[in-house]
Amino acid sequence: MRGPGAAALRCLGSLLCLWALRLPAGAARGLDVASYRDRVRAMFYHAYEHYLESAFPYDELRPLTCDGQDTWGSFSLTLIDALDTLLILGNVSEFQRVVSVLQEGVDFDIDVNASVFETNIRVVGGLLSAHLLSRKAGVQVEAGWPCSGPLLRMAEEAARKLLPAFQTPTGMPYGTVNLLHGVNPGETPVTCTAGIGTFIVEFATLSHLTGDPVFEDVARKALKALWKNRSDIGLVGNHIDVITAKWVAQDAGIGAGVDSYFEYLVKGAILLQDKELMSMFLEYNKAIKNYTKFDDWYLWVQMYKGTVSMPVFQSLEAYWPGLQSLIGDVDNAMRTFLNYYTVWKQFGGLPEFYNIPQGYTVDKREGYPLRPELIESAMYLYRATRDPTLLELGRDAVESIEKISKVDCGFATIKDLRDHRLDNRMESFFLAETIKYLYLLFDPDNFIHNDGSDFDVVVTPYGECVLNAGGYIFNTEAHPIDPAALHCCRKRKEEQWEVEDLMREFYSLKKTKKFTLRRPSDPGEGESAKDPEDAEKAGEKRRENSKKSSHSLLSCPSQSFNSKLAVLGQVFLDNT
């Protein structure tokens with residue numbers, strides 16, 4: 001196999017590939033990286049402190065009037081979204097304080113209609129990330145962590161509030177749910193594709209940490225329902241009826257309404273070592289290239305015919321080069337990134353819609369709400385290439401945002417990039433994503449970029465577990481998930497055998513007749529054990545065989561495709 005598909009099988013979508021491709025770090029055409037990193041830090045605190053002073057406990061800051069508003073559900077959303085950014089900036093004391101504030105002040109048992117999608121990526125994702133980073137931030141974690149903890153319980157509570165939305169004939173969720181009463185009787189069944197396919201990262205993490213499979217099960221069912229309903233030419237539309245599975249909006253592309261569905265197929269494949277999810281994405285990728293790609297731009301087409309319906313670039317599409325880099329398609333990623341960068345240079349930001357043939361904004365879509373997607377792609381691609389052009393985008397983003405958007409009480413959405421009029425809103429993703437990706441672009445030694453040379457060994461109820469070795473998977477709100485943590489909270493087969501052997505010994509002493517437990521793989525299947533000594537010898541043999549089949553703690557042997565999908569921390573096995 002050749003091309004990006006082969007690269008995906010070799011690199012397996014892992015950040016390991018990006019680290020392997022690193023070139024020697026150096027100054028980007030004289031750019032002072034440390035200076036820009038400090039400026040990004042100052043930007044964060046200008047926005048964060050004004051949120052605390054003027055808007056908390058509301059969801060978001062209104063920077064023009066220096067007050068707050070609830071937007072996505074009344075969760076103190078900016079505080080949750082900014083929590084892991086605090087640690088990435090090195091502020092452990094504020095991280096610890098906010099963890100306490102959230103435990104005391106956030107309540108999900110409220111009569112509020114909430115977006116299922118936004119609650120998942122911002123609240124569930126933010127709490128899961130903070131939970132997994134708590135020990136690194138110096139929080140006194142409880143016994144059993146990371147398989148238990150207050151932030152994990154909060155994330156689980158929030159996710160359970162979303163589960164009623166998945167109770168549809170297709171398994172595809174409604175877009176809105178009432179946190180107290182479930183889905184409202186008159187709720188529209190029409191949901192965007194991204195609102196259906198953007199759960200596997202958070203929900204699978206929850207299932208692996210809590211042991212409850214329901215979250216991963218509903219997320220997988222929703223993903224597969226979209227796959228089942230793709231068109232004959234391999235595309236999905238923008239909105240679908242979750243009751244009838246009929247496509248309501250049939251525009252196919254990589255941007256708004258669809259974007260994070262594709263993102264989560266790749267990231268879900270990496271996180272879960274899932275070949276099926278990666279295969280689904282690679283099939284979509286073929287159709288996307290065949291029907292929507294023109295001169296390294298991606299247009300919108302009719303999902304059944306492949307004819308162009310909208311020759312526009314949407315700012316939300318700017319995540320795509322970063323996603324391409326995760327499957328090893330770096331050359332194509334850079335070409336598309338450079339197209340998008342020309343738009344940034346033209347306006348000092350990315351307008352929501354950009355008419356490609358006309359080379360200008362689309363009416364009523366001229367705004368820039370400080371979105372992170374182009375900066376996100378720059379961060380990924382810089383890790384892969386060390387191309388100084390990517391740092392220059394970071395520089396331009398800092399200069400533009402500070403010049404146009406900065407006000408006394410924070411940073412305001414740019415309502416119109418043509419005349420720089422502002423809007424009275426600072427979305428929580430500005431602190432969760434935009435600032436985070438900018439900082440990581442300018443901070444090559446951040447712990448998030450760990451190449452596996454440093455890690456922690458944590459003792460859990462299920463044995464030792466390797467954490468913080470790198471390979472973090474960012475959810476679509478830029479909340480990093482340590483994939484190794486998903487392997488910390490399940491019993492190994494040999495541990496189950498030990499329990500069974502102890503039970504054998506117990507019953508052999510308690511009962512007069514011989515008694516043993518069986519598995520199909522036991523020697524002598526279908527026969528009664530002759531005495532307890534035979535059972536003990538069988539248990540010892542299984543444990544010895546298990547030890548022979550594993551590897552050194554710090555070795556990374558040649559592995560099958562499934563195993564290679566693992567990232568640092570997951571591939572470390574034990575043969576000592």
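Where is the place of serine 428? Serine 428 sits in the loop between strand 19 (421-423) and helix 17 (429-441), where helices (H or I, at least four residues) and strands (E, at least two) are DSSP runs numbered from the N terminus. With a relative accessible area of 0%, serine 428 is buried; buried means under 20% relative accessible area, exposed over 50%, and partly exposed in between, with a 1.4 Å probe and protein chains only. The C-alpha atoms of serine 428 and leucine 79 are separated by 8.2 Å, although the two residues are 349 residues apart along the chain.

A word on the ground rules: this is a predicted model, in which local features need pLDDT of at least 70 and side-chain atom pairs count only at pLDDT 80 or more, while totals for chains, interfaces and linings use all residues. Residues are numbered from 1 along each chain as its sequence is written, and side-chain values use heavy atoms, with hydrogens and water left out.

Let us turn to the aromatic rings. Rings of Phe, Tyr and Trp (its six-membered ring) pair if their centres lie within 6.5 Å; planes under 30 degrees apart count as stacked, over 60 as edge-to-face and the rest as tilted. By this rule there are 28 aromatic pairs. In one of them, phenylalanine 166 and phenylalanine 203 have ring centres 5.8 Å apart and planes at 45°, so this pair is tilted. The pair links distant parts of the chain, 37 residues apart: phenylalanine 166 is in the loop between helix 7 (150-162) and strand 4 (176-178), and phenylalanine 203 is in helix 9 (residues 200-210). Phenylalanine 166 is buried at 6% relative accessible area, and phenylalanine 203 is buried at 0%. Phenylalanine 347 and tyrosine 354 make an edge-to-face pair, 6.2 Å centre to centre with 80° between the planes, and both residues are buried.

The charged end of lysine 345 sits over the ring of tyrosine 341, 4.4 Å from its centre. Arginine 365 lies over the face of phenylalanine 353, 5.4 Å from the ring centre.

Strand 8 and strand 11 (residues 300-302) are joined by two bridges, and aspartate 251 stands opposite glutamine 302 in strand 11.

Helix 15 (residues 373-385) and helix 16 (residues 388-405) pack at about 150°, with their axes 8 Å apart. Helix 15 and helix 16 are therefore roughly antiparallel. Axes are lines fitted to C-alpha atoms, for helices over the stretch in contact, and angles run from 0 to 180 degrees between N-to-C directions; under 35 degrees counts as roughly parallel, over 145 as roughly antiparallel, 65 to 115 as roughly perpendicular and the rest as oblique. Arginine 386 lies in the loop between helix 15 and helix 16, and its phi is near 60°.

Methods. A charge sits over a ring if NZ of Lys or CZ of Arg is within 6 Å of the ring centre and within 35 degrees of the ring normal. Two strands pair if DSSP finds at least two bridges between them.
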